[in-house]
Amino acid sequence: MEGEEPVSPIAQLFSLPGLDVFNIVTIGCKTEGDPSTVVEGLKNTLINHPRFSSILVTGHGERKGKPKWIPTKVNVEEHVVVPEIDPNIENPDEFLEDYTSNMALSPMDMSKPLWEFHLLKLKTSHAKSIAVARFHHSLGDGMSLMSLLLACTRKTCDPEALPTFVSPTKSKAKNACWLLVAWLWFILRLMFHTCVEVIKALVHICFAGDTAAYLMGKPGVTLSTNKFIHRIISLDDVKKVKNALNMTVNDVLFGMVQAGLSRYLNQRYDLETTLKTRKTLHGVVFFNLRPNKDIEDLANMMAKGSKCRWGNSIGYVLIPLWLKSEDDILEYVRQAKTTMDRKKLSLEPLFSSGLLKLTMKVFGLTALKNLVKRIFGSTTMIFSNLVGPADEISFFGHQISYIAASTFGIPQALIIGIQSYVVKLIININVDLDVIPDPHHLCDLIIEALGMMSSAAPKKFFHALKF
């Protein structure tokens with residue numbers, strides 16, 4: 001059939017029975033929702049993307065054959081759900097959490113393109129209306145899907161302009177001789193850290209695994225009691241710690257999560273996290289292996305039908321979690337920086353991606369599924385941090401208050417995703433309630449850890465200036 005495209009190995013993996021993976025994006029709006037405007041906007045943007053106007057044939061179940069994408073005519077109204085909601089509902093924030101969790105668990109109709117939007121006429125603490133999008137992970141990796149969604153938005157101050165993002169600062173140019181020395185030193189460090197980190201990851205996956213099962217689900221259990229929650233904090237509080245310690249925002253966020261997890265384990269299980277057991281728990285961090293996608297290219301692809309590279313292109317690294325009880329709250333940030341710096345100086349994400357592809361090619365899809373379950377079965381949590389727009393944006397005329405993104409379907413009991421938006425940081429936590437029955441308390445401890453860091457950072461900073 002004309003227009004058919006093959007399905008990538010990663011897309012096949014994420015559509016296997018028992019491993020259906022979805023991306024859930026919650027968009028809070030400052031204005032009341034207008035479903036007709038959203039439907040019309042989607043008709044002019046999203047469905048012009050080939051993946052969002054194609055049916056996935058997985059090749060298993062009743063529809064045997066080679067996995068492929070088959071183009072189809074899309075009725076956008078079938079993908080937009082507007083539920084009836086009591087306007088006088090007692091606790092709208094809790095209702096949103098329950099609705100999102102139930103939505104994630106509900107099966108998706110495989111006879112249609114694998115995406116949907118739920119528009120909720122619901123006023124919460126941070127929004128006057130809510131849009132919850134669900135995308136099947138076979139459509140693309142999380143970074144690509146978020147970029148595509150943002151390509152559908154426009155700046156509030158300029159309705160014709162696409163969102164802008166904070167660009168990383170570039171180091172100042174140096175003389176040619178110094179650049180050559182720095183380049184050679186970088187290559188040596190890259191080779192060393194790649195060998196060390198890859199060997200450590202393989203040993204952990206094959207032989208070790210996390211020894212403490214406090215935050216781990218039972219192997220092979222399908223998550224059926226999940227809970228999505230999100231909180232909004234100030235990006236300035238994170239930058240205050242970042243600037244005081246001369247680190248990155250990501251270092252501070254990961255340190256904050258480690259500190260919160262450490263306190264949670266100590267409070268709930270009365271643990272004495274000694275030096276001996278400080279690194280028994282590990283997290284998984286996914287890396288986008290494709291160069292940062294210019295959302296202008298994605299916007300042109302939806303508007304003009306131009307070509308743009310697409311698909312699942314991700315790797316992962318295993319991160320040891322520093323959960324030792326520390327008197328100095330800033331030690332969690334220092335340990336996070338040490339770990340992250342090692343990972344940035346290695347090719348572990350490329351190796352992990354190659355390992356998944358090689359397993360698929362040599363041993364087949366079943367072996368790949370078992371490997372992925374082994375990876376998540378030997379770790380405790382997933383952590384991600386996405387940089388969002390630097391300016392206020394609107395989604396088809398609806399001014400956005402916040403964006404919260406998460407993943408469901410991966411056999412992991414704890415998934416923490418953090419998304420920035422203008423001067424806000426949105427912490428999104430997805431948990432298995434059988435393992436973590438009190439996610440709000442865990443989130444409170446993570447946020448409290450940031451407050452403690454913010455209070456401690458200036459004292460440490462100014463104390464250092466005196467000497």
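**Reading a sheet, a helix crossing and a buried histidine**

Modeller: In this predicted model, three strands make up an open sheet, ordered β1-β4-β3, with antiparallel pairing.

Colleague: Which are the edge strands of that sheet?

Modeller: Strands of a sheet pair through backbone hydrogen bonds, in either a parallel or an antiparallel sense. Here the edge strands are β1, residues 5-6, and β3, residues 54-57, each of which pairs on one side only.

Colleague: Over how many bridges do β1 and β4 pair, and which residue stands opposite Glu5?

Modeller: Strand β1 pairs with β4, residues 68-71, over two bridges in the antiparallel sense, and it is Trp69 in β4 that stands opposite Glu5.

Colleague: Turning to the helices, at roughly what angle do the axes of α6 and α7 cross?

Modeller: The axes of α6, residues 235-245, and α7, residues 249-269, cross at roughly 110° and come within 9 Å. Since angles of 65 to 115 degrees count as roughly perpendicular, α6 is roughly perpendicular to α7. Val238, Val241 and Lys242 of α6 make the contact with Val249, Val252 and Leu253 of α7, and the residues of this contact divide into five nonpolar, one charged and no polar.

Colleague: Where is His79 found, and is His79 buried or exposed?

Modeller: His79 is found in the loop between β4 and β5, the latter being residues 80-81. A residue counts as buried under 20% relative accessible area, and with a value of 2% His79 is therefore buried. Leaving aside neighbours within four places in sequence, His79 is in contact with Val74, Lys112, Pro113, Trp115, Glu116 and Phe117.

Conventions:
Residues are numbered from 1 along each chain as its sequence is written. This is a predicted model: local features need pLDDT of at least 70, side-chain atom pairs count only at pLDDT 80 or more; totals for chains, interfaces and linings use all residues. Side-chain values use heavy atoms; hydrogens and water are left out. Two strands pair if DSSP finds at least two bridges between them. Helices (H or I, at least four residues) and strands (E, at least two) are DSSP runs, numbered from the N terminus. Axes are lines fitted to C-alpha atoms, for helices over the stretch in contact, and angles run from 0 to 180 degrees between N-to-C directions. Angles under 35 degrees count as roughly parallel, over 145 as roughly antiparallel, 65 to 115 as roughly perpendicular and the rest as oblique. Contact means heavy atoms within 4.5 Å. Ala, Val, Leu, Ile, Met, Phe, Trp, Tyr, Cys and Pro count as nonpolar, Asp, Glu, Lys and Arg as charged, and the others, Gly among them, as polar. Buried means under 20% relative accessible area, exposed over 50%, partly exposed in between (1.4 Å probe, protein chains only).
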